[in-house]
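Here are my notes on the model, as numbered points. Please read them with the coordinates open.

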Amino acid sequence: MKSNKVVVTVPVTGSAGDRKTPFLPITPREIAESAVDAGKAGASVVHIHVRDVKTGRPSMDFELYREVVDRIRDHSDMIINLSTGPGARFVPDDKDPMGLGPESTLCGPQKRVEHVLRLNPELCSLDVGSMNFGARVFVNTVSHVETMADLVVGAGIKPELEVFDMGHIEIARHLLETGKVGHPSLFQLCMSIPWGIPATTKNMIMMKEALPAGAVWTAFGISADCFPMAAQSVLLGGHVRVGMEDNLYLAKGQRASSNRELVEKAVRIIRALDKEPASPDEARELLQINP
C-alpha cells in the first residue's frame, strides 16, 4: 500500500529505571494525559507500560493498566498497544546463579498477556527473542512466545513483533510459517538497545530486507539515535516511534518536557520529507488492523 502517511507511535513511559526526569509520566492519569496530548500532536498509536504510583518502578498491576486504557478511551480514538514485555526480566542472584535476584520479574506466558486479554486493545507488543538487555537478560523462550501469540491472536488482537537483532526476525518468520501469527505481519525494529543491534542506516536496511514479504514495519533508535532513525525509517518506507520510553531529550543537552514535544519534532521531520502523520483511522488502514 503506497501512501504519504506515516504512523507515529508514542511509547509514553518505559519499563526500566526510575524517574530520571520530573516530566516522565508515572501515574495512570499522567500516562493517559500524556498519551492524549501526544495524539493531538500527531501520534496515532500509544504504546503503554505502567509504573507503581508510589515508587515509580515498573509494574504489572492490572488495575493500573485498566485505568490508563479507560482514560485514553474516554478522550481519544488512538490505537492502544499494550506491552507484554514485563515478566521477562532475569537478573541472577549472585549468591545462587540458579536463583532469581530481586529485580527479576520472570513469569509464565499466560500472566504476561493477562492484562491484554482482559482489556482487548487493537495491538500488543510481542517480543520474540531473548537477549542481554543492559545489566539484565530479557528472556523470551520460543515456546512462551508461541503461547502468547496463540492467546492474543485467538482474542483478535494483532501482535506487533518486536525484533532487537537479526536472529529475532528468524523467530518471527517461524511464527508466521507455523500460523501462530497471520499475514500481513507488523514489525517493530528496535535499535541501539544495549546489547541489541546498533542503530545505523546499514543495519536498518539489512533488517528491512530480511522481513517477510508484505510486512508493515516501524523502526526506532533510543537516546541520541531517536530522531536520526526516525528520519531513516521514513526514507526507507517505514513508520516512526518516538517517546519518553526511548528518549528523554529533544536535542543534545535539552530535556524534553513532554511526549508531545518529542512527537512534534518527529512530525516536523516527517513533513520535511514530504509526508504527513497518519490519523488513527488512517493508521488502522496502514497497519491493516482488523476493524
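1. Phenylalanine 138 counts as buried, at 9% relative accessibility. This is a predicted model, and the points here should be read that way. Phenylalanine 133 is buried too, with a relative accessible area of 19%. That value falls under the 20% limit for buried.

2. Phenylalanine 133 and phenylalanine 138 form an aromatic pair.

3. How many disulfides does a search of the whole structure find? The count is 0. Take cysteine 124: the closest cysteine sulfur, in cysteine 190, is 14 Å from its own sulfur, so the two are too far apart for a bond. A disulfide needs the sulfur atoms within 2.5 Å.

4. Cysteine 190 has its closest cysteine sulfur in cysteine 226, at 13 Å. That is again too far for a bond. Cysteine 190 is buried, with a relative accessible area of 1%. Cysteine 124 counts as buried at 1% relative accessibility.

5. The largest nonpolar core has 74 residues. Which of them touch the most other members? They are Val46, Ile48, Phe187, Val242 and Val263.

6. Valine 242 deserves a look on its own. Leaving aside residues up to four places away in sequence, valine 242 touches Val8, Thr9, Val10 and Pro11, among others. Its contacts also include Cys226, Phe227 and Ala230. Leu262, Val263 and Ala266 are on the list as well. Cys226 is thus a contact of valine 242 and holds the sulfur closest to that of cysteine 190.

7. A second, separate core has 11 residues. Val7, Ile79, Leu123 and Val216 are among them.

8. The structure holds 1 cavity of 30 Å³ or more. About 30 Å³ of space lies in the largest cavity. Its lining is Val7, Thr9, Val45, Leu123, Glu160, Leu186, Thr218 and Leu287. By type, the lining residues are 5 nonpolar, 2 polar and 1 charged.

9. Some residues link these points. Val7 and Leu123 line the largest cavity and belong to the second core. Thr9 lines the largest cavity and touches valine 242.

Conventions:
Residues numbered from 1 in each chain as written. Predicted model: local features only at pLDDT ≥ 70, side-chain atom pairs only at ≥ 80, totals over all residues. Heavy atoms only, no water. 1 Å grid on protein atoms, 1.4 Å probe; cavity = no way out; pocket = protein on both sides within 12 Å on 5 of 7 lines; lining within 4 Å. Points joined across faces, edges and corners; volume = space filled by probe spheres on them. Nonpolar A, V, L, I, M, F, W, Y, C, P; charged D, E, K, R; others polar. Core = buried A, V, L, I, M, F, W, Y, C linked by side-chain atoms within 4.5 Å. Buried < 20%, exposed > 50% of the residue type's maximum accessible area, 1.4 Å probe, protein only. Contact = heavy atoms within 4.5 Å. Phe/Tyr/Trp six-rings, centres within 6.5 Å; stacked < 30°, edge-to-face > 60°.
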